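These are my notebook entries on a few places I looked up. I begin with a turn and go on from there.

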Amino acid sequence: MKTTLPTPDAPLNIGTRGSPLALAQAYETRARLMAAFDLPEAAFSIVAIKTTGDRVQDRALREIGGKGLFTKEIEEALLDKSIDIAVHSMKDMPVEQPEGLVLSTYLPREDVRDAFISPTVARLADLPVGAVVGTSSMRRHAQLKKVRPDLDVIEFRGNVQTRLKKLSEGVASCTFLAMAGLNRLGMTHVVASAIEVSEMLPAVAQGAIGIEQRADDARSSEMLAAIHDIPTGQRLAAERAFLAALDGSCETPIAGLAEISGDTLRLRGEIIRPDGSESLADEISGPISTGAEMGLTLANRLRSRAPEDFFDWMH
């Protein structure tokens, strides 16, 4: 390696949100870098940064500014060089990065499915009529209303532990979390059942960890290249192009999943009205190298099929 590796005296600063899941993702990043370069743990410093999205817990994200609320302060720390790299849950990432920053690296993707969490029933279909469901995701809200319009869906913000506490206090009968996060936290025991993607298509980039860096930081580029997972990057290129063509900035009822088999990439996408009253879904397959183009094509195909007022809720 041409550049100087970090040392305990001059550690690489890894920025992250401070939730248990965010820290677990930062620790995984650190462990992979330690293994790749035979470095001690002390050669890295984990820097927890509180974001606006973490501070404001009593309102829906869309009311206070959307996804960028989980990244803004972290990206500011990258730009002012308080940190060297930033570790993100990719489903929280807007599709555009601030000037001077790049998302260069993805770790191997975890389970993409949603988890159904309930202390009383095993499956979504088992919920009684009118049951209260807690979720902060517009996508999950819309998908739920599509299959169970009788359910009472309420806002359910907070990290994994906070949401499980609300559930134990009887605030709702069930909630949904990402299987990936529960796997990373070693908490799969709380899962009543995993929901197959054929039943509930996941959020774009669900289960993926992305690492952001300054575009001109040669050392970080070289180090991160050693831990980049190429198939995850190829899948997210398609999914995030699909999202960008529809709406890349807000919490929106958009689902998408790319999967690779041999040399072929298959991309499924879904757009849903927030109340679940109408949804449009389609899929496209082609060479892996054309993933981004397929994402754009699929988005345009769904747009062309949507009624004129379908996207009015976005504005």
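Entry 1, the hairpin. I looked up the link between β11 and β12 and found two residues between the strands of this hairpin, with Gly262 at a positive phi near 65°. My helices (H or I, at least four residues) and strands (E, at least two) are DSSP runs, numbered from the N terminus. This is a predicted model, in which local features need pLDDT of at least 70 and side-chain atom pairs count only at pLDDT 80 or more, while totals for chains, interfaces and linings use all residues. Residues are numbered from 1 along each chain as its sequence is written, and side-chain values use heavy atoms, with hydrogens and water left out.

Entry 2, the sheet. I traced three strands in an open sheet, in the order β11-β12-β13, with antiparallel pairing. Two strands pair if DSSP finds at least two bridges between them. I noted β11 (254–261) and β13 as the edge strands, each pairing on one side only. From one strand to the next, the twist averages 10°. I then looked at β11 and β12, which are joined by eight bridges. Across from Glu259 I found Arg266, in β12.

I found helix α9 (residues 230–246) lying across β11 and β12, at about 150° to β11. Helix α10 (residues 291–305) also packs on the sheet, where α10 touches β12 and β13 and makes about 150° with the direction of β13. For these angles, axes are lines fitted to C-alpha atoms, for helices over the stretch in contact, and angles run from 0 to 180 degrees between N-to-C directions. Contact means heavy atoms within 4.5 Å.

Which residues lie nearest the centre of the second largest pocket? I wrote down Val197, Ser198, Leu201, Glu270 and Ala281, out of 14 lining residues. The elements giving two or more residues to this lining are α5 (138–147), β12 (264–272) and β13 (279–287). The largest share, four residues, comes from β13. I noted a volume of about 180 Å³ for this pocket. On a 1 Å grid over the protein atoms alone, a pocket is an open set of points where a 1.4 Å probe fits, with protein on both sides within 12 Å along at least five of seven lines; lining residues have an atom within 4 Å of a point. Grid points are joined across faces, edges and corners, and a volume is the space filled by probe spheres set on the points.

Is Val153 buried or exposed? Val153 counts as buried because its relative accessibility is 14%, and buried means under 20% relative accessible area, exposed over 50%, partly exposed in between (1.4 Å probe, protein chains only). I placed Val153 in strand β7 (residues 152–154). Leaving aside neighbours within four places in sequence, Val153 is in contact with Val133, Thr135, His141 and Lys145. Next I looked up Gly130, in the loop between β5 (114–117) and β6 (132–134). Gly130 is partly exposed, because its relative accessibility is 38%. Not counting residues up to four places away in sequence, Gly130 touches Asp150 and Asp152.

I listed the buried residues of α4 (residues 72–79) as Glu73, Ile74, Glu75, Ala77 and Leu78. Just after α4, Lys81 takes a positive phi of about 70°.
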